[in-house]
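Let's take a walk through this structure together. Keep the sequence and the 3D view side by side as you read.

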Amino acid sequence: MSELTPITPDSNSESSDRTAKTRQLLGMKGAAPGETSIWKIRLQLMKPITWIPLIWGVVCGAASSGNYTWSLENVLKAAACMLLSGPLLTGYTQTLNDFYDREIDAINEPYRPIPSGAISVPQVVSQIIFLFLAGIALAFVLDVWAGHEFPNVTVLAIFGSFIAFIYSAPPLKLKQNGWLGNYALGASYIALPWWAGHALFGELNWKIVVLTLIYSLAGLGIAIVNDFKSVEGDRQLGLKSLPVMFGINTAAWICVIMIDVFQGLIAAYLVSIHENLYAGILVLLIIPQITFQDMYFLRDPLQNDVKYQASAQPFLVLGMLVAGLALGHAGI
């Protein structure tokens, strides 16, 4: 080891502290409490790490429309739609979820802003209202900008916000049901932003709606991965997540089967519409996901959930774009 870069207990401690603070800011598992800046705390509630799939979904929808061109206006439209789907409405969803999950978070993730006491309940409620209103306003602006006679993007934004509410809030609280809750989450991460991107640049049609809802069944599998971090709290509070209902190992197998099978069905559909090159690329992207499932997730889902997501999900989201490009090329 070079004398210029000694590894000391202090430097390790500082590095660990920085990592914990970064994880807290992004809304990741394994964070630490102690943040005092109200703006950073508000950002923690919005869980920026969760914005990425929604932003990517907009890209996939723009691709599937077949009408996206790299003009400055289109880039700005897409960026505004990403702001809508990511920071605003996903931020709204995550803040709302933390508000209604404050009791279970006190068990599973006591470092989260609300159970740790870093932010008051009235401050959280004001953030939820602001993000919701800002999201609906931006959706309306996008409809006007795109010249829509019917406010497609606004309706999708309202619908998505409603799904987020019934997912987290009683009396329905869809997340209490492992199947309904995880599918609602999967569809919100795949179908809804895809529809918004497609509607912004093209005409949203029933084929795109159905295909993305099928793709969302793979998203249901991804949503199950998130349940493994909160098994103990779910058991204590009577939430019927799939790991609680079926046990750790069975739920892990349900998870990977959903992820692989429904991506495979989309690849088969691409073959049926003669988009063979795209179908082949999608299959090649599924293979490393299966490899990481065997290496990490199926062996120990409780310990390796984050590691699995980091290694396998990039291939899933790339596959979504491949499917979007294929649908746009085929004029679906």
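Which residues in helix 3 meet helix 4? From helix 3 they are Trp 51, Leu 54, Ile 55, Val 58 and Val 59, and their partners in helix 4 are Ala 78, Cys 81, Met 82, Ser 85, Gly 86, Pro 87, Thr 90 and Gly 91. Contact here means heavy atoms within 4.5 Å. By class, this contact has nine nonpolar, four polar and no charged residues. For that count, Ala, Val, Leu, Ile, Met, Phe, Trp, Tyr, Cys and Pro are nonpolar, Asp, Glu, Lys and Arg are charged, and the others, Gly among them, are polar.

Before going further, a word on what you are looking at. This is a predicted model, in which local features need pLDDT of at least 70 and side-chain atom pairs count only at pLDDT 80 or more, while totals for chains, interfaces and linings use all residues. Residues are numbered from 1 along each chain as its sequence is written, and side-chain values use heavy atoms, with hydrogens and water left out.

Now for the overall picture. Of its 332 residues, 49% count as buried, where buried means under 20% relative accessible area, exposed means over 50%, and partly exposed lies in between (1.4 Å probe, protein chains only). Among contacts between residues at least 6 apart in sequence, 71% join residues at least 24 apart.

Back to helix 3, and how it packs. Two packed helices are described by the angle between their axes and the distance between the axes. The axes of helix 3 and helix 4 (residues 72–100) come within 9 Å and cross at roughly 150°. Each axis is a line fitted to C-alpha atoms, for helices over the stretch in contact, and angles run from 0 to 180 degrees between N-to-C directions. Helix 3 and helix 4 are therefore roughly antiparallel; that label applies over 145 degrees, with under 35 counted as roughly parallel, 65 to 115 as roughly perpendicular and the rest as oblique. The crossing of helix 3 with helix 4 is right-handed, a term used if the near helix is turned clockwise from the far one by less than a right angle, with anticlockwise giving left-handed.

Helix 3 (residues 51–65) also packs with helix 14 (residues 301–330), at an angle of about 20° and with their axes 7 Å apart. That makes helix 3 and helix 14 roughly parallel to each other, and their crossing is right-handed. Helix 3 contributes Trp 56, Gly 57, Val 59, Cys 60, Ala 63 and Ser 64, and among the residues of helix 14 that join in are Val 317, Leu 318, Met 320 and Leu 321. This contact has ten nonpolar, four polar and no charged residues.

What about the cysteines? Cys 60 has a relative accessible area of 0% and is buried, and Cys 255 is buried too, at 0%. A search of the whole structure finds zero disulfides, a disulfide being a pair of cysteine sulfur atoms within 2.5 Å.

Next, some backbone details in the loops. Most residues other than glycine have a negative phi, and most peptide bonds are trans. Pro 170 and Pro 171 are joined by a cis peptide bond, with omega about 5°, and Pro 171 sits in the loop between helix 7 (152–168) and helix 8 (178–201). Lys 173 is in the loop between helix 7 and helix 8, has a positive phi near 40° and is buried at 9% relative accessible area. His 274, in the loop between helix 12 (248–272) and helix 13 (276–297), has a positive phi of about 70° and is exposed at 66%.

Finally, visit Glu 35, in the loop between helix 1 (9–26) and helix 2 (38–46). Glu 35 is partly exposed, at 24% relative accessibility. Not counting residues up to four places away in sequence, Glu 35 touches Lys 40, Ile 41, Gln 44 and Ala 118. The C-alpha atoms of Glu 35 and Tyr 111 are separated by 9.8 Å, although the two are 76 residues apart along the chain.

Notes
Helix = DSSP H or I, 4+ residues; strand = E, 2+ residues; numbered from the N terminus.
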